[in-house]
Each structure stands twice: as C-alpha cells, then as structure tokens.
Amino acid sequence: MAVLFALACCLCSAVNDFVFRLYARKTRSRGAYVLIIGLVWTLVFLFFTDWRVDSWGETLIWGIISGIFSVAANILLIEGMSDNDVGICSTIYRLNLVVVALWAFIVLGETVTTAKISGILFALAAVFMFFLDAPRGKRRGEVERGFYLVGLASLLRAGMGLSYKYAFLQGADRTGLLVINGVLWVIGGGLYILLKERNLGGKFSRKSWNYGTISGLLVCGIVLFMALALQHGDAAVVLPLAQMSFLGTCGLGILFLHEKLSLKKTVGIIAGVICILCMSLA
C-alpha cells in the first residue's frame, strides 16, 4: 500500500507542476492563482484540524515561517515556468533535497557520505546540462532568467522542508501547520497582486478560479497521499518515489505541449534521477 500511496503522491505532484506550466504560459495573475490555491488548501485542512492540541504556539510560529518559504518558492516556480520547459523546471525544483543535505552537513553536523556527495555532483551535472541545452540568441536570456527563478524557488523549497523538520521536532501540530501554510498562501497571493500586479481589478478570472481550484485539490492530494505512504511504509522507499514526479511532468510536457527531448535534456533528467537515488541511499 505504501508504494501505491507514494505513486499517487508522485502523480499529483507531476500533474500539479504541469498545471502550473499551463497557467504560467499565458499572461494571467500569478497572485490570484496562488491566493485561490491557498483558499482551497486552507478550507480542506480545516476539516482535519484538532483544535484541542497544546502546541499552538510552536505550530503558529513554524507555520508562518514554513508558509513564507512555501508561497515564495511556488510564486517563483510559476514565474520561472513562463520561459522554460516544464520538465526542466520540475527537475530543478525537485533537486531541493541537495540544499537540505548541504545544510545538514554544515549546520547539523551530519555525516558526509559518498552517496550524498555523489548526489550533489549529479545535481550539479543536471543543471549544467540544462544550461548547455538552452537556446542561443535573445531567447537564451529568457530561458536563463527562468533557470535562476526556479533555482531560487528550489532553495526556498528546501527552506520550507527544513522548517518543517524543526517544527515537528518542537512538537508542532502537522495539520495545524498546513492550515497556517494555506493562510500564508492566501496572504502571499494577495500581497503579490497589490505590490507586483498593482490592483485587484480583473485578476480573478474564470481561468484563475479553474486552475487555482484544480491545483489546490492536487496540493491537498500530495500532502494526503504522502502522509498515508509514510504511515504504511518506510521513508527510505516513499520519499524517493514521491520526488520522481518530474519524470511524469516531463512526459506530460512532451505529450501535450510538444516540448522537445534533446540529448542534453535527457542526460540532465537522468542525472536528476541518479541524484535522488543517491540521496535516498545515504
């Protein structure tokens, strides 16, 4: 059952990244999209929240911290997808576990293993191959901008993962944390509209509501199936499977958006797979 739940989580992640790309490829409000996702996310997890827990102080603090990392990471991911293939963006974003490993080496004093070093090197190789595959001329500048945005999104996603780790070590409530994360998405999306997109007028189109609702439900599916997979199986099996979602996203991009699968891009994706496998063996 654990493998099935992990694959369901992987499928939700792959489809959600693809929906991000579908939304980002046209000029639509990023803020409205994020706000609607957060609204769906919050409403769903409110039903599962136990209000009798004693750790609301820790839950609130770490919920805000992780929520800021989460909403910032996903806004940058959506912006980065405007100029890049969805498969490349999804692969780079999922390599955030390398940053977590480096943090564990430097700050937490965890053991430096050959597998982890190999994973880091393969991650660098993946990104390098994607840069080599970037087109020439004016289009190259747009693609590189997307790389930088997605790379920064990956760093922030790692910050979210680390903040989750510290939150649960201090006894924060898991469901309450997710509710607060959803509220931060609502706030973050609203601030993005007001500060970047300037006003609320015309931002909440039918497309924004449709895509936002779908993504919101997919995000809830990701969290639910991940929790069920970890409940029924070992993290060493579940987490690598869940992280492989970029393979599905890449396939969807090729099938529906007619994105090209060049040799360099293929090598980069394979390097990403090996990176995750190395990290799971560490």
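This is a predicted model: local features need pLDDT of at least 70, side-chain atom pairs count only at pLDDT 80 or more; totals for chains, interfaces and linings use all residues.
## Basis

Residues are numbered from 1 along each chain as its sequence is written, and side-chain values use heavy atoms, without hydrogens or water. Local features need pLDDT of at least 70 and side-chain atom pairs pLDDT 80 or more, while totals for chains, interfaces and linings use all residues.

## Largest pocket

The largest pocket holds about 1700 Å³ of space. A pocket here is an open set of points on a 1 Å grid over the protein atoms alone, where a 1.4 Å probe fits, with protein on both sides within 12 Å along at least five of seven lines. Volume is the space filled by probe spheres set on the points, joined across faces, edges and corners.

Lining residues (an atom within 4 Å of a point) number 47, and R157, G161, M226, L239 and Q243 are the closest to the centre. Helix α7 (residues 138-169) gives the most, with 7 residues. Helices are DSSP runs of H or I, at least four residues, numbered from the N terminus.

## Second largest pocket

This pocket holds about 300 Å³. Its lining has 15 residues, with I92, L124, V127, G151 and S154 closest to the centre. Helices α5 (97-106), α6 (114-133) and α7 each supply at least two lining residues.

## Helices α6 and α12

Helix α6 packs against helix α12 (residues 263-281) at about 165°, with axes 8 Å apart. Axes are lines fitted to C-alpha atoms over the stretch in contact, and angles run from 0 to 180 degrees between N-to-C directions. The pair is therefore roughly antiparallel (over 145 degrees).

Methods:
Angles under 35 degrees count as roughly parallel, over 145 as roughly antiparallel, 65 to 115 as roughly perpendicular and the rest as oblique.
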